[in-house]
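Please examine the protein shown below.

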Amino acid sequence: AAIAAGATALALAGCALVPGSVSSVDEAEFTNELAIPPLAPSKVVDGTRVFSLTAQEGVTEFRPGVKTRTWGFNGTHLGPTLRAERGERVAVEVANDLDEPTSVHWHGMHLPPEMDGGPHQEVDPGGTWRPTWEIDQPAATLWYHPHPHGATEKHVYRGLAGMFLLDDDASRAADLPDTYGVDDIPVIVQDKVIDDDGQLELEDDTGEPGTLGDVVMTNGTIGAYQEVTTERVRLRLLNGSTARTFQLGFADREMDLVATDGGLLDAPVRLEHVRLAPGERAEVIVRMEPGETTRLHSFEADLGGVVVPFAMGGNDAFDVLELRAADQLAPAPEPAWEKSVHAEQDALHEDDATVTRTFELDDRKINGRSMDVGRIDEVAEVGSTEIWEVRSTVPMPHSFHVHDVQFRILSIDGDPPPPELAGPKDTVYLEPSTTYRLLMRFDDYADPDVPYMYHCHMLMHEDDGMMGQFVVVEPGQEAGTPPSHGRGA
Ligand code: C2O
Ligand code: CU
């Protein structure tokens with residue numbers, strides 16, 4: 001009934017959108033211990049920290065005895081957590097053991113365009129790609145995932161994704177729980193459809209906004225619980241879904257939001273829940289009492305006036321992860337720090353902006369155009385500060401992501417952003433018919449020939465062409481010609 005009502009409402013809104021094909025999320029029993037992605041081993045060679053990732057096929061038992069074909073990095077599903085220090089040079093050996101091209105994009109990372117891992121850096125089956133760059137940005141919870149032209153949804157959905165954590169002096173000085181897997185917990189939230197044969201299903205002709213799963217998993221665990229042994233626990237939340245937007249929080253307590261996509265906030269923000277569209281991250285601190293149990297929950301999301309919340313993955317409430325506190329909890333500090341540690345973010349000044357660009361998103365295009373790997377859509381000069389005005393012009397939301405930079409949201413329909421959207425961001429949920437003004441600066445890595453991407457992170461939209469390309473050039477330089485990778489739509 002909810003589906004039918006939703007379809008009618010959207011039709012009335014003058015938009016021929018069909019709601020997602022899958023019903024609401026099943027109630028899980030929270031009896032499975034949360035899988036913690038291992039920290040990726042690395043070796044330091046000539047001052048460079050070197051990681052290895054191999055994209056491969058495998059079989060995963062999400063449910064006991066049910067063998068599901070999945071893809072993973074260095075394993076059957078998801079990938080290890082990469083971790084590096086600001087100022088370090090890193091390299092990753094990315095090997096492709098799949099039968100088709102893939103790529104690995106470092107989502108949120110500031111790095112040269114040829115290291116970005118987008119559709120221009122695909123890796124052929126049997127091939128290896130070796131990007132290397134210097135970590136030059138504040139501590140943050142970033143992630144990595146494939147970005148092959150037209151096939152990103154499938155690759156992420158089958159399991160190719162992992163976290164990439166960055167540390168720096170400021171993050172260490174902040175009083176935050178920081179023991180990985182103990183009081184500092186990666187939480188990759190994803191929804192899936194597991195069909196009668198136990199296989200992951202991704203339909204071609206799904207409705208908006210793409211496949212919505214009836215199974216929710218955290219780090220690949222259905223119905224997961226995590227033992228808590230400290231008074232405070234830090235959850236690094238990543239919406240790694242292909243389509244669904246979550247509104248995550250606890251019914252019985254508030255939490256402190258301490259970081260958004262690109263790093264720490266100026267100060268912790270106490271809130272009940274945080275909305276995360278595909279690609280967005282949030283770090284929250286949760287307080288626990290000895291012996292108690294609580295559950296991270298996805299509330300019916302406030303999707304900003306979208307008239308078919310179910311279809312957008314919002315009108316669906318379910319538990320995500322159970323936290324079980326031990327009878328004795330080790331003391332932990334209250335999150336607190338000085339605003340002065342965030343010099344980079346503060347250094348973005350609206351007065352410095354010399355260029356304003358407009359991006360209008362309809363249901364599949366940006367500014368009326370579909371992605372073309374051979375076309376440069378925007379040219380930014382190195383050193384320049386820009387304002388990007390982004391708007392969904394149709395009655396549906398999008399999740400707008402810009403490669404290379406962390407931006408600051410100046411305003412949302414003229415109003416200042418709420419505190420949870422005031423920190424460093426690389427991805428933002430676009431409520432329909434709402435204008436988001438984003439402030440960003442292109443500090444370095446000029447290259448007229450190799451573009452970065454901007455796109456919707458609802459991955460069916462991205463694959464359907466809701467993506468554009470920009471290059472960063474030296475002042476006065478013209479855009480070159482993107483290298484043809486010989487594949488594509
Ligand atoms: Cu997370 Cu262009 O992607
Ligand atoms: Cu979209």
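A hairpin of two residues joins β18 to β19; helices (H or I, at least four residues) and strands (E, at least two) are DSSP runs, numbered from the N terminus. Strand β18, residues 255–260, runs antiparallel to β19, and five bridges join them. Two strands pair if DSSP finds at least two bridges between them. Within this pair, Ala-259 has Leu-264 of β19 as its bridge partner.

This is a predicted model, in which local features need pLDDT of at least 70, side-chain atom pairs count only at pLDDT 80 or more, and totals for chains, interfaces and linings use all residues. Residues are numbered from 1 along each chain as its sequence is written, while chains are lettered from A and ligands numbered from 1 in the order in which they are written. The pLDDT, which is the predictor's confidence in each residue from 0 to 100, averages 90 over the protein, and 90% of the residues score at least 70. Over residues 1–23, however, the pLDDT is below 50, although this stretch has 48 contacts in the model beyond near neighbours in sequence. Two residues are in contact if their C-beta atoms, placed from the backbone, lie within 7 Å. The model scores ipTM 0.98 and pTM 0.93.

Strand β13 (residues 215–218) pairs with β14 in the antiparallel sense over two bridges, and Thr-218 stands opposite Thr-221 in β14.

Another open sheet has six strands, ordered β1-β15-β23-β22-β17-β20, and its pairing is mixed. Here β1 (32–33) and β20 (273–276) stand at the edges; each has a single partner strand, so one side of each is left without a neighbour in the sheet. Four bridges link β17 (residues 246–250) to β20 in the antiparallel sense, with Phe-246 partnered by Leu-276 of β20. In total, the protein has five helices and 32 strands.

How is the protein divided into domains? Domain 1 covers 2–27 + 176–330, domain 2 covers 32–173, and domain 3 covers 348–473; these bounds come from an automatic or database domain assignment. Between domain 2 and domain 3, the C-alpha centres lie 24 Å apart, and 16 residues of domain 2 are in contact with 16 residues of domain 3. The side of domain 2 that touches domain 3 has five nonpolar, eight polar and three charged residues. In this count, Ala, Val, Leu, Ile, Met, Phe, Trp, Tyr, Cys and Pro are nonpolar, Asp, Glu, Lys and Arg are charged, and the others, Gly among them, are polar.

The interior can now be considered. Of the 489 residues, 50% count as buried: a residue is buried if 20 or more other C-beta atoms lie within 10 Å of its own, exposed if 12 or fewer, and partly exposed in between, with C-beta atoms placed from the backbone. His-110, in the loop between β7 (105–107) and β8 (128–129), counts as buried because it has 24 C-beta neighbours inside 10 Å. Not counting residues up to four places away in sequence, His-110 touches Asp-136, Gln-137, Asp-404 and Val-405.
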